[in-house]
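Please open the structure in your viewer and keep the selection tool at hand. We shall go from one stop to the next, selecting residues and saying what is there.

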Amino acid sequence: MRKKIVAGNWKMNLLDEEVINFIVDFNSKKNSIESEAEIIILPASIYLDTMISMPDWDIKIGAQNCSQFNNGAYTGEISAAMLRDFDYDSENLHYCLVGHSERRAYFNETNFICADKVNRLLENKLKPIYCCGEELKDRESENHFSLVQAQIEEGLFHLSEDELKQVVIAYEPVWAIGTGVTASSEQAQEMHLFIRTLLDKRYGDEVANSISILYGGSCKPDNARELFNQTDIDGGLIGGASLKVDSFIQIINSF
Ligand code: PEP
């Protein structure tokens, strides 16, 4: 059985007080969570400490980014070793996004930079949530499969079987992120199956069937159930709808 996961990517939203209010509100409603999905929240790094320090907060936490370098003169960067070090005693910090389309677009992250980030995270016992997905122009020119194939192969296929098993993949068509336009469940399932088939060809079916592949892109309470019902969709990476406790819980309950 693959792990079902719902991860909330808060991006550059919520200040400290709002983070605390979210946690208090979420904790007061957590009895309404019916699903066994693993729940992850990815706040801005400066608030990881707030989240980790909150009592009764048992969901998993992740960072949104880390440096591709080990350490050194990289002003403004946070290394994977620092993420691990800062949570060394509670071990609540488990995940880190890699290759979100906003980082690829605005910070020029290539597949090879993403591969380095994946390596740094695994060296520090953090699990990468590796994002891939095509822009609208790629889909319109029917280039979407080869683009996603390159993202997967160049970002992940240097890993050993055991290393790959630590990775979660998130398919996020760029044209669906923050736009209100969702991929249809057929479009999403088609790409998820394509990705799983790539994993199967390179690593075999045992590995391919053990990797959770999340869908992201305007996933909301009213479309999550249909998306999560697809054979190869193991949950969601949620942006806007993860900022409100009620919509986030409704999505978590959509399996
Ligand atoms: C995201 O940024 O990963 C995302 C899926 O955003 P949204 O849900 O807002 O489209």
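**Around the ligand**

Begin by selecting glycine 178, where a polar backbone atom is 2.6 Å from an oxygen atom of the ligand, a polar contact in the sense of a pair of N or O atoms within 3.5 Å. The protein covers 95% of the 300 Å² of accessible area that the ligand has on its own, with areas taken from the Shrake-Rupley method and a 1.4 Å probe. This is a predicted model, in which local features need pLDDT of at least 70 and side-chain atom pairs count only at pLDDT 80 or more, while totals for chains, interfaces and linings use all residues. Residues are numbered from 1 along each chain as its sequence is written, and side-chain values use heavy atoms, leaving out hydrogens and water.

Next select histidine 100, whose side chain has an N or O atom 2.8 Å from an oxygen atom of the ligand, and then asparagine 9, where the corresponding distance from a side-chain N or O atom to a ligand oxygen is 3.5 Å.

Now show the 14 residues that surround the ligand, the closest being Lys11, Glu172, Gly178, Ser218 and Gly239; a residue is included if one of its heavy atoms lies within 4 Å.

**The nonpolar core**

Move on to Phe26, Trp57, Ile152, Leu156 and Ile169, which have the most contacts inside the largest nonpolar core, a set of 69 residues. Such a core joins buried (under 20% relative accessible area, 1.4 Å probe, protein chains only) Ala, Val, Leu, Ile, Met, Phe, Trp, Tyr and Cys residues through side-chain atoms within 4.5 Å. Helix 9 (residues 185-203) gives the largest share of this core, six residues, helices being DSSP runs of H or I with at least four residues.

Finally, select isoleucine 152, which, leaving aside neighbours within four places in sequence, is in contact (heavy atoms within 4.5 Å) with residues including Tyr130, Phe157, Ile169 and Leu198.

Note on methods
Polar contact = N/O pair within 3.5 Å; in protein donor to acceptor, adjacent residues only side chain to side chain. Buried < 20%, exposed > 50% of the residue type's maximum accessible area, 1.4 Å probe, protein only. Helix = DSSP H or I, 4+ residues; strand = E, 2+ residues; numbered from the N terminus.
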